Amino acid sequence: MKSIFRLLRYIFYYKKDVVLNILFNVLYVFFNLFSIAMVVPFMSVLFGIIEAPEVCPELSFSKDAVMGYLAYYLNYYKESQGFFTCLIYISCGFIFFTVLGNLCRYLGFYFLEPIRSGVIKDVRNDVYNKITSLPISFFSSQKRGDIISRMTADVSTVEWSVFTCLQMAVKDPVMIIVYTATLLLASWKFVIFILLILPIPMFLIKKIGESLNRNSYKGQQKIGSLLSLAEEALSMIKITKSLNAEKVMADKFFSHNTSYAKTMNKVIARQELAAPLTEFFSIMILALVVIFGGLMVLNSKMHPAILIAFTLLFSRLISPVKELITAYYNLKKGEAAAGRIIAILDAEITIQEHQNPITNFYFKDNITFDNVGFAYKQNDSFCLKDISFSVHKGQKVAIVGASGAGKSTLFDLFVRFADPTSGKITMDGVDIKDLSLKTLRSCFGVVTQESILFNDTIKNNIAFGLDSANMEDIINAARIANAEEFIKDLPQGYDTVTGDRAMQLSGGQRQRLCIARAVLRNPQILLMDEATSAMDTENEHKVTTAISNAMQGRTMIVIAHRLSTVIDSDLIIVMDKGTIVEAGTHKELLDKNGYYTKLIKLQTL
């Protein structure tokens, strides 16, 4: 239950509502008890089952004194006001306290709702903030659908399995305690008798709860896998259709869906055992109480009114006990979901900011990699080894090499999507770890290998994250990226919504919008990872020429497979298997007749 208690800490942000919820639940219990507990003695006195004392006894905290005191005055009013009038008074009092009790019950629910919705809102916000704070490496080992499942399905499960139990967590325990105390006053022998029988149902309830927890955890995992499959099917719809593999994907989805349905059948079957199991044992105990109590009444060892009161109170105790056990089963179901949420909240953030980071920084001279090595996980082999080079301000630097050489990983280190395992990276002599992440990343404009656009307008995609951008700046950035021409041909121009994954645009169009977004930021350093790979030669030439003109005096670092686009670079870094094998200008590298020359010849062929 540790995961549940971790999430319940969020309740402390809503102290006022918690106090009011507890207050009205306690009032509901006492009004409910008073309306029920007083009926039996009042009616017993009224109908002459209990004889009223001739002299009013002194009121004290004991069952006999209270009963005698009430019996005396009730008998007095019966004689002075009449039987029927007293009966009306008792009935009105019963209705009055029942109305008060139900009003308090409603107010308890009323003040619970802000707690439940507020806590879930806070949990969901914290999960989202944590996910967006985690390093890129975290997502390489996680299924996207499973992460979405934790933010949605798991949080919803916690909401309805855990926080809907809060009303019961106050009302039912208080009701059980107060009713049990009243039962002890009525007959402590019967209470001990009941306690001797309780271990049997409690053992069964515990075993069912453990099974429920196991199956709930499996269910939460399977719904995560199911969402991953659905997300994968939608994102890969083109390749699935082109390979006539719709049935393969459908069979895979149906298989996982069937498995999930079977698991949830087990969960629901065990969860729904709570009510009938509790009711069965309660009725069995109540039957035993009636049998043994009846024998005691026949043997004149108990007054009939006491047996009636005990039976009535115990029957009222069945409902809160049943609700409490149902709540326990709900908690067991929610525990699995809470554990998966806590796993996200406790995930390690490996990219840590300096305690007192530099927030005022402007790139002036150079970026230096000093014997940098990188491995994705501890004890893994290094995918980057002994990387050392410098990029000076105003230079255009190209990084080339075969696929898997480590070029994109190198890019991740520039903006601290990952940190070096060994060595260090400096900007103007300052370790980039000493800069705040916001300051560091504001120095760069990044165009990734995958053209990522949001389901929003063209205008908002270009200006994303830059509130200060005006329309003139957006149009100018689009013009530099050679995107203005196709934007004008769209139905709503810059107000055209790109749609999910911008699938209505071509690959080259998406790339140009991503370049426009980076150019708009007017970055000190522009990082371009295969940013023109989806463009035809003519558009690529136009875009690279325009960017070079716009970035005059600025720094450009480019990853390119098409070597014709990097011939004019000030420095070309050639990588192979995670190391730098050559570096120099295009001419210097050709003169070496090494690995770079081999790549040039292969592309020429």
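A residue is called buried when its relative accessible area is under 20%, exposed when that area is over 50%, and partly exposed in between. The model used here is predicted.

**Exercise 1.** Determine whether E484 is buried or exposed, and whether K488 is buried or exposed. Then describe how E484 and K488 are paired.

Solution. 
Step 1. E484 has a relative accessible area of 15%. Because the cut-off for buried is under 20%, E484 is buried.
Step 2. K488 has a relative accessibility of 60% and therefore counts as exposed.
Step 3. The two residues belong to helix α19 (residues 484–488); because they are four residues apart, about one helical turn separates E484 and K488.
Step 4. In the salt bridge between E484 and K488, the closest N and O atoms are 3.7 Å apart. A salt bridge requires such atoms to be within 4 Å.

**Exercise 2.** State how many salt bridges the count comes to, and examine the one that E113 forms with R116.

Solution. 
Step 1. The count comes to eight salt bridges.
Step 2. In the pair of E113 and R116, the closest N and O atoms lie 2.4 Å apart.
Step 3. Both E113 and R116 are in helix α5, three residues apart, which is about one turn of the helix.
Step 4. E113 has a relative accessible area of 36% and is partly exposed, whereas R116, at 9%, is buried.
Step 5. Another salt bridge joins D419 to R416, with closest N and O atoms 2.8 Å apart; D419 and R416 are both buried.

**Exercise 3.** Identify which residues N461 contacts, leaving aside its neighbours within four places in sequence.

Solution. 
Step 1. N461 is located in helix α17 (residues 458–462).
Step 2. Its relative accessibility is 1%, so N461 counts as buried.
Step 3. With those neighbours left aside, N461 is in contact with L453, F454, D456, T498 and R517.

**Exercise 4.** Describe the span of helix α20 and how far it is covered.

Solution. 
Step 1. Helix α20 (residues 507–520) has 14 residues.
Step 2. From its first C-alpha to its last, α20 reaches 20 Å, close to the 20 Å expected at 1.5 Å a residue.
Step 3. Of the 14 residues in α20, 13 are buried, and the helix is mostly covered.
Step 4. Just after α20, N522 takes a positive phi of about 50°.

Technical notes: Residues are numbered from 1 along each chain as its sequence is written. This is a predicted model: local features need pLDDT of at least 70, side-chain atom pairs count only at pLDDT 80 or more; totals for chains, interfaces and linings use all residues. Side-chain values use heavy atoms; hydrogens and water are left out. The expected span of a helix is 1.5 Å times one less than its number of residues. Buried means under 20% relative accessible area, exposed over 50%, partly exposed in between (1.4 Å probe, protein chains only). Contact means heavy atoms within 4.5 Å. A salt bridge is a side-chain nitrogen of Lys or Arg within 4 Å of a carboxyl oxygen of Asp or Glu.
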